[in-house]
Each structure stands twice: as structure tokens, then as C-alpha cells.
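Dear colleague,

Please find below the structure that I am handing over to you, with its sequence.

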Amino acid sequence: MELGLVGLGKMGGNMRERIRRAGHTVFGYDRNPDVADVHSLEELVGKLRGPRVVWVMVPAGEPTQSTIDQLAELLEPGDVVVDGGNSRWTDDERHAEELAAKGIGFVDCGVSGGVWGLENGYALMYGGDKENVAKVQPVFDALKPEGDFGSVHAGKVGAGHFAKMVHNGIEYAMMQAYAEGWELLEKVDSVTDVREVFRSWQEGTVIRSWLLDLAVNALDDDEHLDKLRGYAQDSGEGRWTVEAAIDHAVPLPAITASLFARFASRQEDSPQMKMIAALRNQFGGHAVEKK
């Protein structure tokens with residue numbers, strides 16, 4: 001099939017290559033002309049035969065909204081737009097409604113795989129009507145990992161991004177658990193080779209995972225992570241997961257704590273810890289450290 005792909009960054013560029021390797025035709029558009037096949041959305045749409053499928057792979061929020069608004073004016077009834085970025089699921093319903101008014105279908109797709117996806121495939125979670133999903137299915141099949149799993153029609157519009165959001169929330173908690181265990185191992189004198197302890201967990205243990213493998217890779221590059229600053233950004237999905245949990249009264253203590261731990265990483269000198277130190281000094285005479 002033919003596909004228009006908007007956004008050729010770290011994910012989109014590799015996705016274009018993987019889809020082409022499966023024998024499909026991809027016309028890619030990016031604001032960077034050095035990586036683009038076409039140089040405008042108008043040219044992109046003009047290259048495709050109907051019914052057209054255009055996959056949007058740009059940052060969530062205004063960039064996605066602006067791209068979909070432009071495509072709404074360029075596409076025709078029967079065409080389909082796929083949002084494969086990390087959009088909030090609540091935006092999907094609005095996008096689907098806006099496009100449906102013009103007879104254009106909409107599918108939201110959560111994509112996981114990062115920089116490894118070109119070779120390993122991408123885990124895909126998508127939502128939308130069956131007829132719209134069917135028009136995109138050859139691309140889903142090209143992108144997914146080999147085998148029976150790694151791709152799911154999760155439900156109605158919004159289900160794909162909601163599933164990906166929860167996936168990322170779980171990822172937050174798993175990474176936090178590995179990080180806490182690593183710090184504790186590094187702290188004690190009796191453990192003399194933390195990296196090899198982590199490596200030993202890669203086989204035969206219940207905590208083995210791809211994240212553990214990546215942790216070992218990182219320790220091979222920098223055994224004590226001395227080259228890194230203890231600062232971790234968040235891209236939004238963790239916050240949205242916690243907000244959804246509040247809306248639905250679902251307890252998520254591990255995921256919530258892992259999100260707050262990232263916030264703590266951005267404080268050079270924690271105001272909260274100042275108050276805790278002051279209180280411990282007041283009620284128990286515990287020592288405080290002065291600047």
C-alpha cells in the first residue's frame with residue numbers, strides 16, 4: 001500500500017524504513033528538508049492514491065493539532081488519518097469528530113519501540129472503527145514485531161493512546177524499582193561488583209526484562225554512571241496516567257511515586273527536605289546540615 005508519513009524524527013525515520021522494507025511505498029514529510037521525500041503536506045497528499053492513509057508522527061499538543069487541521073482541508077471522504085504520536089487520549093475523540101464531519105476516518109495508535117524498533121519491530125496499540133483500522137492494517141503488520149504478538153486493536157477511538165499511556169506509567173514504576181535497587185547495591189560495602197549482580201539477574205530470575213538488559217548496557221558503558229547527572233525528565237504520559245487514576249478512583253501508588261521521584265530529581269536542594277530536617281531537629285534534636 002501507499003502511506004504518507006508526517007514527522008521523520010528518531011521514531012518516524014526508522015518507521016519509514018521498516019515499512020519500506022516490507023514492500024510498501026512511503027512518502028515522508030518533515031520540516032527538515034534533508035530527510036523529507038516531499039516538501040509540503042499538499043505535495044504529500046498529492047502523491048497518494050485514494051483512499052489515502054496519512055500517519056502523523058509529531059509531538060503531542062499544538063503540533064499534532066495543527067497537522068490534523070491542515071490534513072482535514074487536504075484529504076477527501078474515505079481517507080484516514082493515523083495519530084501515532086504520544087497524544088493524550090482525550091484529544092483523540094475531538095480529532096475523530098472533527099475529521100468525521102468531513103468524511104475522513106481517524107485511528108489513534110500508541111507506538112513503543114524507541115530507537116530499537118527498526119530492527120525489533122514496534123509494539124502497537126490502536127483504537128478506532130474496524131473499517132478505518134482495516135485500511136491501515138498492512139502498515140501495522142509491517143511495523144509490528146515478528147510473531148503473534150506486539151499489535152492490538154485496543155478498542156474505540158482513544159483506546160490506543162490510553163493503553164500506551166498506561167504502558168508508559170508501568171514503565172515509570174519498573175525503571176524506578178531498578179534505579180532504587182541499583183542505588184542500594186552501590187551504597188553498601190559488601191557488594192563489590194554491582195554491574196555483575198545486575199547482569200546475573202538477566203537469566204533465570206523473575207525480574208528479568210528488556211529494561212534490565214538496557215540497564216546492563218548502560219552500566220557496561222559507564223559502570224557507576226559517573227558521567228550522568230541525576231536528572232530525569234518526563235514526557236507527560238506518567239502525569240496523565242496518575243490523573244486518569246484519580247478520575248476513576250484506581251489506586252496507583254507505585255506509578256505515582258515513580259512520577260514524583262522524577263520531580264524530586266530536578267531539585268538541587270529540596271525545599272521539602274529542608275522542612276523535614278528542621279522538624280526532626282525540633283522534635284528530636286537530630287542534627288541538621290548547614291550550607
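**Findings**

Helix H12 is followed by glycine 285, whose phi is positive, near 70°. Helix H12 itself covers residues 271-284, and its 14 residues reach 20 Å from the first C-alpha to the last, close to the 20 Å expected at 1.5 Å a residue (the expected span is 1.5 Å times one less than the number of residues). Helices (H or I, at least four residues) and strands (E, at least two) are DSSP runs, numbered from the N terminus.

The model is predicted, with pLDDT of at least 70 needed for local features and 80 or more for side-chain atom pairs, while totals for chains, interfaces and linings use all residues. Residues are numbered from 1 along each chain as its sequence is written, and side-chain values use heavy atoms, leaving out hydrogens and water.

**The sheet**

Seven strands form an open sheet with mixed pairing, in the order E2-E1-E3-E4-E5-E6-E7; two strands pair if DSSP finds at least two bridges between them. Strand E2 (25-29) and strand E7 (151-155) are at the edges with a single partner strand each, so one side of each has no neighbour in the sheet.

Strand E3 is joined to E4 by four bridges, and the two run parallel. Here valine 54 stands opposite valine 81 in E4. E3 also pairs with E1 in the parallel sense, over three bridges, and leucine 5 stands opposite tryptophan 55 in E3. In a regular strand the side chains alternate between the two faces of the sheet. Both faces of E3 are covered, with Val53 and Trp55 buried on one side and Val54 and Val56 buried on the other (buried means under 20% relative accessible area, with a 1.4 Å probe and protein chains only).

**The cores**

A nonpolar core is a set of buried Ala, Val, Leu, Ile, Met, Phe, Trp, Tyr and Cys residues joined through side-chain atoms within 4.5 Å. The largest such core has 22 residues, of which Trp55 and Phe140 touch the most other members. Helix H6 gives the largest share of this core, five residues. Leaving aside neighbours within four places in sequence, phenylalanine 140 is in contact (heavy atoms within 4.5 Å) with Trp55, Val107, Cys109, Leu124, Tyr126 and Val133. Apart from this core lies another, of 20 residues, including Val6, Leu41, Leu48 and Ile104.

**The annotated region**

The unreviewed UniProt entry places the feature "domain: 6-phosphogluconate dehydrogenase C-terminal" at residues 160-291. UniProt annotations may be inferred rather than shown by experiment. Over residues 160-291 the chain is 64% helix and 0% strand, with the end C-alpha atoms 49 Å apart.

Yours sincerely

Methods. Buried means under 20% relative accessible area, exposed over 50%, partly exposed in between (1.4 Å probe, protein chains only).
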